[in-house]
Each structure stands twice: as C-alpha cells, then as structure tokens.
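User: I have a model open and would like to talk through it with you, a bit at a time. Could you take my questions as they come?

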Amino acid sequence: MTDSSGSAGSGSEGSDVSGASGASSASGEGRTVFLLAHTGRPAAIRSAELVVQGLLRCGLGVRVMEHEAVDLPLPPEVELVKESTPGVLDGCELLIVLGGDGTLLRGAEFARASGVPMLGVNLGRVGFLAEAERDDLDKVVDRVVTRSYEVEERMTLDVIVRTNGDVVHRDWALNEAAVQKVSPERMLEVVLEIDGRPVTGFGCDGIVCATPTGSTAYAFSAGGPVVWPEVEALLMVPISAHALFAKPLVTSPTSVLAVEVQNGTPHGVLWCDGRRTLELPAGARVEVRRGAVPVRLARLHHASFTDRLVAKFALPVSGWRGAPH
C-alpha cells in the first residue's frame, strides 16, 4: 500500500530587487522565507539570485534546498536544508516559487504539507498559479518585506484508489486527478459515478476530475469549462470519449466522484497534478472528493479572475464598451 497524501515532497531578466522600496533591514528581523526555483534555466537562476539579494538586504532570512543551491550563486548566510528533512518549511512565513507550472505544482506540495502560503513567480508560459511575472521581481520583494499581500485558500482533491474493495493508495491534487489509458491502440472502458449512483459508461482516452483551480489546466485542454476560483465545485471531464453523452459535469463540492476501470479493459494509470502516478489494473476504482487540506496562495493583486483570464490567454476584447454609466 502506498500513500503520498502528505508528501512534502516574459519579462526582463535584469530586474533589480536590491532596493525594495519602503523596506528597511529592521523590518525583516527574525523572519525567514523559503525559496524554491527551477534551476535548470539560466533565467531562473538569475531571478533567484536577485530575489535572494533583495530579501537579505532587507533583513529577511532565506532558506533553500541544498541540491538547488549547487546551481545558484548564493551568499553564505543563506540557510541550506535537505529535501528529506521533516518540517523543511518550519519557521518560514512564505514560500516563493520561481518557475513554470511544473515548478509551481511542486511548490504546492510543500505549501500543502506545511500550511505555509505559496507566492508563485511565473518563468514559464501561462502560469495560472503564479501571482507575478519575471519583470515583477522588485515588487515581489517589496511586498514580501512589507507583508503587503493577502492569503487565499484553494480547494484540493483527496484521491482514494481501491482494488477488490481494499484501499491500496491515497493521494491528493491541487489541479486534477486524471485516469488515463496506457495503451495507445485501445480505449479505456470506464463507468462514471457521482454520489454513489452510476451516470454513464464508455470507452475513452481518460477522465479528468478537477478543482476550479484546475479548470484552466488539463481539464481545459480536454474541453472542460473555465470555473472561477471562488466557485466551490468539482469537475468531471471526459477525454476523447466514444459516446453520445460525454459532456463535462460540474457537481457540488460535497459530491464524491468515482471512476471505475472495467474488467477486460487494458490497465490504466492515475496521474495527480501530472506529478505523481499509479498504475490502475482492470477493476480498479478511483474515488475523488474535496480535499481536507487546502493550498494557501499569497496574492499581491486585487485584479479579477476575468482580467487574469484575458491576460493569460491573450483574449481579444477590443470593441468592449462596458456597462453604461
């Protein structure tokens, strides 16, 4: 039996954050920020270096993973920790993550396990989980030093896998839990269930069970609806289903969604946030419900999700006049 439910586990590169406005070294005394970065890119390394310099200059402590520090030009006062250390974020008030969606989801694992808010800086493409872009690094440091940010909670998913009625795996997801086929030449035969009642069955490439946060991720690519983050709901989105009724479903946040892999079908695979995976034999049952532990995100802006959606997808809004005054 396996259990990963508690795993901790485009702008200018030259932004200067060393002189964050309104911040003095005294304001950061006794405070520590954890920094997680995608060190495989030169832009991320430069961004991390600038953020660290700005935080240290303002008196905050900085903690970094030891294996990431090898790729980063860090001053000696930066605290290094091993990833396997229990309570790796203990004593930290904030987790700053620099990278694309994959790095941000990795950071979400630490944020959920520790309860520490995560502030994402997008160094990738879309980055819906990020609150800032690379050319906002000076603003990020200033807001962190002056504590000028708000924290919101995002719904997660708790995932249980059963075979022959026995629980064989527990997991969680911030964006989605996806049941997918493995064999490219054969469909995965599934039956969908909501709140203990069967809905429909068909052959498909997979099923995505998602949160509102995940509605702009894999579920969106599969044809699911965009759901505003403040809406409490669960989504079930079929992937390339061979059926007349194979529409995305939006349910109550208290619903329990289940996907049963039928006997006689090729085995499938469970992906949680595209990071953690488990093989699903024929007959396996995947149950998804609202997670007991949310992920806390630090927010710098009061911009509406509508504006974020338009900006991230570069949606055409020319000609809009707005409501009459």
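User: Is C92 buried or exposed?
Analyst: C92 is buried, with a relative accessible area of 9%, where buried means under 20% relative accessible area, exposed over 50%, and partly exposed in between (1.4 Å probe, protein chains only). Please keep in mind that this is a predicted model, in which local features need pLDDT of at least 70 and side-chain atom pairs count only at pLDDT 80 or more, while totals for chains, interfaces and linings use all residues. Side-chain values use heavy atoms, with hydrogens and water left out, and residues are numbered from 1 along each chain as its sequence is written.

User: How many disulfides are there?
Analyst: Taking a disulfide as a pair of cysteine sulfur atoms within 2.5 Å, the count comes to 0 disulfides. C92 is accordingly in no disulfide, and the nearest cysteine sulfur, that of C58, is 17 Å away.

User: What stands opposite C209?
Analyst: That is M236 in strand 15, where helices (H or I, at least four residues) and strands (E, at least two) are DSSP runs numbered from the N terminus. Strand 14 (residues 206–210) and strand 15 (residues 234–239) run antiparallel and are joined by 5 bridges; two strands are taken to pair if DSSP finds at least two bridges between them.

User: What is the strand order in that sheet?
Analyst: The sheet is open and has 6 strands in the order 16-15-14-11-18-19, with antiparallel pairing. Strand 16 (249–251) and strand 19 (276–280) stand at the edges with a single partner strand each, so one side of each is left without a neighbour in the sheet. From one strand to the next the twist averages 15°, based on axes that are lines fitted to C-alpha atoms (for helices over the stretch in contact), with angles running from 0 to 180 degrees between N-to-C directions.

User: What about strand 11?
Analyst: Strand 11 (residues 176–181) is mostly covered, since 5 of its 6 residues are buried. It is joined to strand 14 by 5 bridges in an antiparallel arrangement, and V179 has I207 as its bridge partner in strand 14. Strand 11 also pairs with strand 18 (residues 268–272) in the antiparallel sense over 5 bridges, with K181 standing opposite G268.

User: Changing topic, which residues have the most contacts inside the largest nonpolar core?
Analyst: They are L35, V51, L55, I96, L98, V121 and V144, in a core of 31 residues. A nonpolar core here is a set of buried Ala, Val, Leu, Ile, Met, Phe, Trp, Tyr and Cys residues joined through side-chain atoms within 4.5 Å. The elements that give two or more residues to this core are strand 2, helix 1 (42–57), strand 3 (61–65), strand 5 (94–99), strand 6 (118–122) and helix 4 (137–145), and the largest share, 6 residues, comes from helix 1. Apart from this core lies another, of 28 residues, among them I194, C209, M236 and L280.

User: What does helix 1 pack against?
Analyst: Its buried residues pack against strand 2, strand 3, strand 5 and helix 4, and the buried residues of helix 1 include A48, V51 and L55. Contact here means heavy atoms within 4.5 Å. Helix 1 is followed by G59, whose phi is positive, near 95°.

User: And where does A37 lie?
Analyst: A37 lies in strand 2 (residues 32–37) and is buried, with a relative accessible area of 3%. Leaving aside its neighbours within four places in sequence, A37 is in contact with A48, E68, L98, T103 and R106. The C-alpha atoms of A37 and T103 are separated by 7.1 Å, although the two residues are 66 residues apart along the chain.
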